[in-house]
Amino acid sequence: MIRIWLLTALALTSYLSASSGNAQAAPGTSSGPMITGTITYRAKIALPPDAAIDVRLEDVTLADAPSKLVAENVFAAAGQQVPIPFQLPYAAADINPAHRYVVRANIKAGEKLMFTSTHTYPVLTQGAPNRVVMVLHAVSSQAPAAAPAPRVAPNALRGTKWILIELDGKPVTPSSTNPAYLLLDPIGKQYSGSSGCNRISGTFQLDGTDLQLLGGAMTLMACPEPLMKQEKEFNEALTATGSYSIAGGILELWERKRVVAKFRAAPTGSPNN
């Protein structure tokens, strides 16, 4: 694991005093692989002189375990204002192509957390990029920074049978006998459903409105070609999901700024609902 500490301002002393002395190279000096991008926020306020930025690369493969820190870079804003570029070197040997990785960031002034990322940004594996534009959100002084309140009650998502109605903006063929659907367990971390052809199941991670649907098992029944094509697109949409939104009984799965799948809530009393 690579952890980088850049000591460029005396104002960072209080922020870094509790950190371990694993100092290596400053950003931009590594010749190895790295993640790059920019950090910004929408609030119309300037960063104070002692602002420090913390960018982290985490392994989030295991659904029921804390994420694993792979690399970290803490550096002073040094008078810069957003958007602020960053570089996050990492060791190639620490990356498993079968795992899922995300970057997160926060901005502190002394010991006060000012901004943090509430959305995960996938990187490196499974088609994810190595460059990201991270939009951070202001942290209210009245609420614990480590646990931002979800904008939608989790039970509105979990325990409801969601019938698939669109994939990537295109309507799906309705079926009264075997509709494609998604059902997230109301208590555990398992999801189940149907592609309209085969049964699917797996695990999920839910943090506020951030949602990741991790692969699991699927039956192997052959179906007519339209359903097989739909099944492929459905599985791709589930894998790509990074967040969700619910309004008016409609669930949307998002990959960044794109809706990859849309569902409607099944009527009360439907099987599994």
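1. Before anything else, a word on names: helices and strands here are DSSP runs, numbered from the N terminus, where a helix needs at least four residues and a strand at least two. Keep in mind, too, that you are looking at a predicted model.

2. Let's start with the second largest pocket. Which elements each supply at least two residues of its lining? They are β6 (101-109), β8 (121-123) and α3 (225-240). The pocket's volume comes to about 340 Å³.

3. Sorted by type, the lining residues split into 8 nonpolar, 9 polar and 3 charged.

4. You'll find Q126 in the loop between β8 and β9 (131-138). Its phi is positive, about 55 degrees, even though Q126 is not a glycine.

5. D168 is another one to check for its backbone angle. This residue is not a glycine either, yet D168 has a positive phi of about 55 degrees. D168 sits in the loop between β10 (161-167) and β11 (170-171). With a relative accessible area of 44%, D168 is partly exposed.

6. Next up is R100, in the loop between β5 (84-89) and β6. R100 is buried but has no salt bridge. How far away is the nearest side chain of opposite charge? That side chain belongs to D59, and the distance is 8.1 Å; a salt bridge would need a side-chain nitrogen of Lys or Arg within 4 Å of a carboxyl oxygen of Asp or Glu. Setting aside neighbours within four places in sequence, R100 has contacts that include E58, D59, T125, Q126 and T239.

7. Back to the loop between β8 and β9, which is also where P129 is found. P129 is partly exposed, at 31% relative accessible area. If you skip residues up to four places away in sequence, P129 touches P122, V123, L124 and R256. P129 and T36 are 93 residues apart in sequence, while their C-alpha atoms are 9.7 Å apart in space.

8. One last stop is P83, in the loop between β4 (68-76) and β5. Which residue does a cis peptide bond join to P83? The partner is V82, and omega for this bond is about 0 degrees.

Conventions:
Residues are numbered from 1 along each chain as its sequence is written. This is a predicted model: local features need pLDDT of at least 70, side-chain atom pairs count only at pLDDT 80 or more; totals for chains, interfaces and linings use all residues. Side-chain values use heavy atoms; hydrogens and water are left out. On a 1 Å grid over the protein atoms alone, a cavity is a set of points where a 1.4 Å probe fits but cannot get out, and a pocket is an open set with protein on both sides within 12 Å along at least five of seven lines; lining residues have an atom within 4 Å of a point. Grid points are joined across faces, edges and corners, and a volume is the space filled by probe spheres set on the points. Ala, Val, Leu, Ile, Met, Phe, Trp, Tyr, Cys and Pro count as nonpolar, Asp, Glu, Lys and Arg as charged, and the others, Gly among them, as polar. Buried means under 20% relative accessible area, exposed over 50%, partly exposed in between (1.4 Å probe, protein chains only). Lys and Arg count as positive and Asp and Glu as negative; His and the chain ends are not counted. Contact means heavy atoms within 4.5 Å.
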